[in-house]
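Good morning, and thank you for coming.

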Amino acid sequence: MPDLLQLTHIRKTFPGVIALDDVSFSIRAGEIHTLLGENGAGKSTLMNVLTGFYAPDSGGLQLDGQPVRFASPRDSLALGIGMVHQHFMLVPAHSVLENIMIALQGVPLLFSRRQQRARIEQTIEEFGLDLDLNAPVWKLSIGAQQWIELIKLLLRDCRLLILDEPTAVLTPQEAAKLFQVLLRLKQQGKCIIFISHKMREVMEISDRVTILKKGRSVTTLEKGEFDQKKLAGLMIGGDRIPEWQKSLPFSEEIVLEIENLSVRNDRGLADLDNFSLRLQKGEILGIAGNGQKALAEALTGLTRVESGRVLAAGEDITRSCARSSYIAGIAHIPEDRKAIGIVPDLSLDENLILKNFRAKCFRNGVFQSRSAIRDNAEEKIGQFAIKAGPPGSPVRLLSGGNIQKVIIARELSEQPAVLVALYPTRGLDIGSAEYVHKVIADGASNGMSTILISEDLDELYKICDRIAVIFRGRLIGYADPTSSSRAEIGLMMSGEVSA
Amino acid sequence: MSLAFRVEKRDQGSALFRSLTIIASVLVALFVAGFLLLAAGVNPAAAYLEILREALGSTYGISETLVKATPLIITGLAVSVAFRMQIWNIGAEGQIYMGACGATGVALFSGLEAPLMLPAMFAAAFLAGGLWASVAGLLRARWQVNEVIVTLLMNYIAILLADYLIYGPWKNPDGYNFPLTAQFVDAARLSEYFNTRLHSGFFLALFCALAVYLLMERTIWGYQIKAIGSNPAAARYAGMKTGLAIFLVLALSGAIAGIAGFSEVAGLQHRLQHGLSPGYGYTAIIIAWLARRSALGVIIVSLLMGVLLVGGDSLQLSWQLPVAFAYAFQGLILFFLLAGDFFINFRLRRVKEDADA
Ligand SMILES: Nc1ncnc2c1ncn2[C@@H]1O[C@H](COP(=O)(O)OP(=O)(O)OP(=O)(O)O)[C@@H](O)[C@H]1O
Ligand SMILES: [Mg+2]
């Protein structure tokens, strides 16, 4: 029996960039096939070629042994190939049901609304999803929004499902749930192409792994032939993973103190409730549990504080004018990169100076100093191994992980006193994630204090000096990564134990 | 088998592809307009040759083309500056009138002498256009009032205001009651060249293009305008004051359009009169759109428009075609240019109904 889908010698170039050089691989019926590769290796581009979003320059696709050409994602969808993109295309004001119905075109909507609803409900039940069809999409978590995208594909009876970094935005619990669903789909004989940078997940779920490096398919390995180390080695090839050491014990000096802070979200619920925290100089403080995001936004001035105080070096900055200038000294790696992290139409160079474009070194009077801006970009591109396109091209064309690196490089460039990082390594390949950890650790030895917010307990364990655990917006207690076990932290996060 | 088409977004076209599309759309437009000409009993080929000869075939023709292009370049730049920030200034027409009123006021009543007169007129036009547009800027920045509506409606006010002045207080007392102001003194006129109507306003327009290029591409202000235009949330997060920027950009856009008013009265008409601009401010919107982001593009498209305006007028004279015909002709060309612009960004693909299930 021929493989379900076969790609042979695919090549795709963009002006000035070879995104895919020569990629061949195949998908068998009923397997979960993982694509692994560094940021900018060409994974997303390959999936876009596969679904007909881009036409390849050369090379071909075979479905069930027959050559096919997709002119658009609609063609591939018609043949049962569907993709969940990293950026969902949902209408926030519409209900879940309406969003699903919009996607099911070609169905006589007026007559079968009730029937459709029954079918959707059946799918939700079958996979044990927790989704309220009447809820407006804007109220849902990102994880729940992903379910909507998945259900759309299931209702269209896709045989091949493509998931581009689905777990990057999920909590560990949500990811576990997704894996259950994927395994079930596999049992039903569906194929899944899965993309992730998290080795633990790759090991857990893949039947086969294909490794992509610099636009070329390096090899495909069967389950049993690979372990984390081997995969990492193949993926990184000759590149070196940066090494770093955790800093010495930090000083007693308190740089930031939060007293009884309360923040409500736009749904009127309390995200932070009487929350208190102390950050010491040179400390890396991890935050785990719900309410992390509200904390970061309150600290960086993106959210209104309802009550409570924030003290910097003993001075109340909650509402004073000093706040804005102080906030300027806090580097912030925001959660929603595309929305507030980058200016998509400006170039990489211009995005790297977004926060300090007024700095003397980047201008002569009112004129921008192009050479200084270019030099700065070259320095950052080297340091963070950013895979940049041709100079001057808009930053939105970079791969997801490389956009992330641009933001981190910018935020860390001014030696801030305090860094508030939300999921800083989300979407980064292992080498880049390690480099970001190194930068944070090196910063700590130079006195920078970091509030690190992450869903990834591994990450918190690895780099943090202390981990503050939040439950329902309140501080439950601090855990010491060297002595507390994961289980203890897990219990604290679910509110069952307080330290 | 039935035929159906669907629209698909295509990859960013190259510069060459863009230019070819523009040329192709002009050709298609000429082809279609040819039928109109045929219907009117005119040989299209002869008519087109005539247009080219009129607009480019003599010193006089070229000078007329440049004269027409002058206000288009300046207002095109005005609109495109606001475009870069995703602000739609539909009010360039009114701002031209306000600029012209400002310049005329100074010319008629200041009594200044030669070296000071023109700069003072320029400054008055700049301020008048800028202040006029800043009303829309203030409303938009402070209360989120849509600038499209405000700038558009203020056009009518500006044009009627100019009419009020020339029918009323500023009417030339020796003008036999025509709705005109008195002629400007020599000190209030831009110099002319080659014995034609070509005046320094054209060079002023080129200078404006250079200034706008430098502002947008080289300064930290231009940087902020582009950043806010591309992603206001990120710009705000990076500490830029978006409200203030919106206000200033609209004011600047209006001020530049005001310069066009100055150039028209000081360079060409030498007085304020009814119908000062035959819709340059509206054509400027199309020019800015076609030229996208580049100041050089504005110059090129404006020159093309200049050829059409001059050549189109000549059709009236040579073949006694009605004036409406010239307008229809120009409208057709614009229509196809915009349609061509659509095909730069999208492509049509034939769908075979029986192929996909
Ligand atoms: N539309 C485009 N125009 C120009 N270059 C592009 C375009 N799309 C992708 N690229 C380039 O192609 C390369 C591969 O990008 P791709 O998004 O496929 O990487 P990726 O493997 O998905 O990386 P990541 O893990 O960071 O998501 C990158 O260098 C990117 O800049
Ligand atoms: Mg990607």
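**A surface patch, a ligand and a loop**

L214(B) is partly exposed, with a relative accessible area of 31%, where buried means under 20%, exposed over 50% and partly exposed in between, using a 1.4 Å probe and the protein chains only. Please note that this is a predicted model, in which local features need pLDDT of at least 70, side-chain atom pairs count only at pLDDT 80 or more, and totals for chains, interfaces and linings use all residues. Residues are numbered from 1 along each chain as its sequence is written, chains are lettered from A and ligands numbered from 1 in the order in which they are written, and side-chain values use heavy atoms, leaving out hydrogens and water.

L214(B) sits in helix α7 of chain B; helices here are DSSP runs of H or I with at least four residues, strands are runs of E with at least two, and both are numbered from the N terminus. Together with V366(A), F367(A), L210(B), Y213(B) and W221(B), L214(B) makes a nonpolar surface patch of about 520 Å². Helix α7 of chain B, residues 201–218, gives the largest share, three residues.

I turn now to the ligand. Which residues come nearest to ligand 1? Of the 21 around it, they are K43(A), S44(A), T45(A), S399(A) and G401(A), a residue being near if one of its heavy atoms lies within 4 Å. An oxygen atom of ligand 1 is 2.5 Å from an N or O atom in the side chain of T45(A). Taken alone, ligand 1 exposes 640 Å², of which the protein buries 92%, with areas from the Shrake-Rupley method and a 1.4 Å probe. The elements β2 (17–27), α1 (43–50) and α14 (400–411) of chain A each supply at least two residues of this shell.

Why is α1(A) described as largely enclosed by the rest of the structure? The reason is that seven of its eight residues are buried, among them K43(A) and T45(A). Just after α1(A), G52(A) takes a positive phi of about 85°.

Finally, T196(B) lies in the loop between α6 (147–167) and α7 of chain B. T196(B) counts as buried, at 11% relative accessibility.

Technical notes:
Patch = residues over 30% accessible without salt bridge, like charges linked within 9 Å, V, L, I, M, F, W, Y side chains within 5 Å. Salt bridge = Lys/Arg side-chain N within 4 Å of Asp/Glu carboxyl O. Polar contact = N/O pair within 3.5 Å; in protein donor to acceptor, adjacent residues only side chain to side chain.
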